[in-house]
Amino acid sequence: MSARDTGGDRLLPVQHLRPGDHAFVSYGDDEVRWEAVTAFVRLGLARGEKVLVLPCPGVPEDEVLARLDFPGRSTVPARGRGQLVVSCMREVIRPDTEFTAARQMGRLYAETDRATAEGYAGLRAYIDMGWVRALGADVEVMACRETGAQALFTGRPYTELCAYDRRRFDRAVLAAMERAHPRSLLERLGSLRSLRAPDGALCFVGEADAAHRTAFGRSLELALAQTAPARRLTVDLTRLHFLSVGCAVGLLLLARGAAGHDLVEVRCAAGQRRLLQRLGAGTVPRLALTEVVRAW
């Protein structure tokens with residue numbers, strides 16, 4: 001079976017971001033903040049994109065580069081050829097001294113065109129929103145920019161990750177900013193979230209590895225109990241960056257034992273479907289694998 005995803009679920013692992021995505025991530029710890037940006041930068045470089053990093057004002061460039069390079073000096077060649085640029089919001093809006101959304105978006109639009117003219121696949125930018133206080137911008141200006149930036153992304157090879165320090169913004173602002181972004185990222189690499197999609201499917205996001213096997217199984221068992229009256233369970237694996245053999249086996253065992261259900265549907269990517277089939281999915285009664293082609 002095959003299908004094309006048209007759902008509006010927004011939560012993704014950073015590895016699933018693609019050109020045209022505008023994503024929100026928050027952090028509350030100086031160490032955690034580097035996880036998403038490091039993965040975001042390295043993935044962009046590996047995909048042949050130009051990468052612009054606008055860190056929180058006050059964070060020295062040397063620290064930014066050391067974090068991106070850890071444990072080696074892997075980004076040095078990219079910096080040398082101009083593929084990786086560390087800058088600041090003041091430089092982006094220059095010669096203006098006060099922030100305006102039009103100036104910033106115009107510059108990023110032009111930088112995307114410049115990146116493709118230089119032979120890169122596109123441009124991706126990491127923007128730490130600490131610049132808001134540093135430049136004296138207000139929440140209304142920030143919200144207007146985040147909700148009105150579609151021209152940067154629609155049909156264009158531009159990807160943007162906006163990072164919000166939870167210690168700098170109150171909860172209401174953070175919630176509003178998260179809603180303003182079409183995508184929202186897991187804060188930590190290697191984490192796993194389970195949630196209910198709008199259509200009632202049990203959706204897993206992140207990495208279903210050995211460390212999360214117990215939590216993965218418990219989520220499945222709970223969903224199976226909750227869907228007993230309908231006699232149908234739908235599990236969505238397509239927002240997983242990694243599915244371990246152990247978790248895949250656990251899913252098949254649960255489906256095999258779901259005698260009270262008429263159908264257990266598993267939505268999966270092509271690689272996940274091949275793994276489940278190799279593990280014996282074809283021998284499990286009531287199990288249907290639906291291969292989903294994601295927009296990203």
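## Overall dimensions

The protein chain has an accessible surface of about 13700 Å², and carbon and sulfur atoms account for 53% of it (areas come from the Shrake-Rupley method with a 1.4 Å probe, and for residues only the protein chains shown count as cover). A word on the origin of these values: this is a predicted model, in which local features need pLDDT of at least 70 and side-chain atom pairs count only at pLDDT 80 or more, while totals for chains, interfaces and linings use all residues. Residues are numbered from 1 along each chain as its sequence is written, and side-chain values use heavy atoms, with hydrogens and water left out.

Taken along the principal axes, the C-alpha atoms of the protein chain fill a box of roughly 70 × 40 × 35 Å.

## Fold and burial

Twelve helices and 13 strands make up the secondary structure count of the protein chain (these are DSSP runs numbered from the N terminus, with helices being H or I of at least four residues and strands being E of at least two). Of the 296 residues in the protein chain, 51% are buried (buried means under 20% relative accessible area, exposed means over 50%, and partly exposed is in between, with a 1.4 Å probe and protein chains only).

Not counting residues up to four places away in sequence, Tyr164 touches Phe24, Val25, Ser26, Tyr27, Met129, Met142, Glu146, Phe169, Leu174, Met177 and His181.

## Thr112 in helix α5

Thr112 lies in helix α5 and is buried, with a relative accessible area of 1%. A polar atom of its side chain lies 2.9 Å from the backbone oxygen of Leu108. Leaving aside neighbours within four places in sequence, Thr112 is in contact with Leu123, Arg156, Pro157 and Tyr158.

The disulfide count comes to zero (the rule asks for a pair of cysteine sulfur atoms within 2.5 Å). For Cys162, the nearest cysteine sulfur is that of Cys56, 14 Å away; Cys162 is buried, with a relative accessible area of 1%. For Cys203, the nearest cysteine sulfur is that of Cys268, 13 Å away, and Cys203 is buried too, with a relative accessible area of 1%.

Leaving aside neighbours within four places in sequence, Arg193 is in contact with Leu11, Leu186, Cys203, Phe204 and Val205. Arg193 is partly exposed, with a relative accessible area of 42%. Arg193 and Phe216 are 23 residues apart in sequence and 8.9 Å apart in space, C-alpha to C-alpha.

## Backbone features worth a look

Most residues other than glycine have a negative phi, and most peptide bonds are trans. The peptide bond from Arg94 to Pro95 is cis, with omega near 10°, and Pro95 lies in the loop between α4 and α5.

Two arginines have a positive phi. Arg231, with a phi of about 60°, is found in the loop between α10 (213–226) and β11 (232–243) and is partly exposed, with a relative accessible area of 36%. Arg286, with a phi of about 70°, is found in the loop between α12 (270–278) and β13 (287–293); Arg286 is partly exposed, with a relative accessible area of 28%.

Methods
Contact means heavy atoms within 4.5 Å. A polar contact is a pair of N or O atoms within 3.5 Å; within protein, one must be able to donate a hydrogen and the other to accept it, and residues adjacent in sequence count only if both atoms are side-chain atoms.
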